[in-house]
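Here is a short briefing to read alongside the model.

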Amino acid sequence: MTERFSAPRRLAAEALGTALLLAAVVGSGIMGERLAGGNVAIALLANTAATGTMLFVLITVFGSISGGHFNPAVSVVAALQRGLSWKLCVAYVAAQMAGAFAGVASAHLMFELPIVQFSLKQRSGAAQFVAEFIATFGLIATILLTVKFAPSRVAAAVGSYIAAAYWFTASTSFANPAVTLARSLTDTFAGIRPVDAPAFILAQFGGALVALLAVSWLLSSRSRH
């Protein structure tokens, strides 16, 4: 269905969707922390609800235009499956990155914070790396299997998975390289130190590739029968 739309419109949808996603992630983190009175669990709950529901909305409204990726790992997997040309994949990633940075900047503007800042929030160590691998593995597996067996429920499945993964992963499930880099530029509740971002991104792409292999094996076994 996305082929009906020109490449510029698809890229605009990816940029706009990713910007709104980051505005929701960072903005709800700021709002949640301000209103929670020091209760981190309440702040994380607010952050979770805003992110999960925003993902549902964004995939619902932009999915038919661009596929609703908003995530370089998703776009790379689509290219590996030949559902997206590598040239367009690179353009998707560039649009996602631009949108992600714009979304963080817009959140800072809304809450009267400096537009440009670097996070000081430490998220390092093997446990965080494993958490991001598992979070992204689960996200890609959720997308691929839902697209195969229940395509009308992709938005609900992705939003629900991310909401759950905020709580069952030690890293609070970034599961998105564009989100990770953009969140390194906000010294707020949702931030991550720039020095910690490369390990997160490596784990995310690793989890995405392993998920693609695992799901391909599962589906190929089904087709032979």
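In this predicted model, the largest nonpolar core holds 45 residues. Leu 21, Leu 22, Val 26, Leu 139, Ile 140 and Val 158 have the most contacts inside that core. Two or more of its residues come from each of α1, α2, α3, α4 (86-110), α5, α6, α7 and α8, and α6 gives the most, with seven.

**Cores**
- Setting aside neighbours within four places in sequence, Leu 21 touches Thr 51, Met 54, Leu 55, Leu 58, Phe 70, Asn 176 and Val 179.
- There is also a second, separate core of seven residues, with Ala 78, Ala 79, Leu 84 and Leu 88 among them.

**Helix α6**
- Helix α6 runs over residues 154-168, and its 15 residues reach 21 Å from first C-alpha to last, close to the 21 Å expected.
- Its buried residues are Val 154, Ala 155, Ala 157, Val 158, Gly 159, Tyr 161, Ile 162, Ala 165 and Tyr 166.
- The cover over these buried residues includes α1 (7-35), α2 (40-66), α5 (126-149) and α7 (177-183).

**Largest pocket**
- If you are thinking about volumes, the largest pocket comes to about 1000 Å³.
- It is lined by 47 residues, of which Gly 67, His 69, Val 74, Ile 143 and Val 147 are the closest to its centre.
- The elements that give two or more residues to this lining are α1, α2, α3 (72-80), α5, α6, α7 and α8 (197-224).
- Helix α2 gives the most to the lining, with eight residues.

Key: Residues are numbered from 1 along each chain as its sequence is written. This is a predicted model: local features need pLDDT of at least 70, side-chain atom pairs count only at pLDDT 80 or more; totals for chains, interfaces and linings use all residues. Side-chain values use heavy atoms; hydrogens and water are left out. Helices (H or I, at least four residues) and strands (E, at least two) are DSSP runs, numbered from the N terminus. The expected span of a helix is 1.5 Å times one less than its number of residues. Buried means under 20% relative accessible area, exposed over 50%, partly exposed in between (1.4 Å probe, protein chains only). Contact means heavy atoms within 4.5 Å. On a 1 Å grid over the protein atoms alone, a cavity is a set of points where a 1.4 Å probe fits but cannot get out, and a pocket is an open set with protein on both sides within 12 Å along at least five of seven lines; lining residues have an atom within 4 Å of a point. Grid points are joined across faces, edges and corners, and a volume is the space filled by probe spheres set on the points. A nonpolar core is a set of buried Ala, Val, Leu, Ile, Met, Phe, Trp, Tyr and Cys residues joined through side-chain atoms within 4.5 Å.
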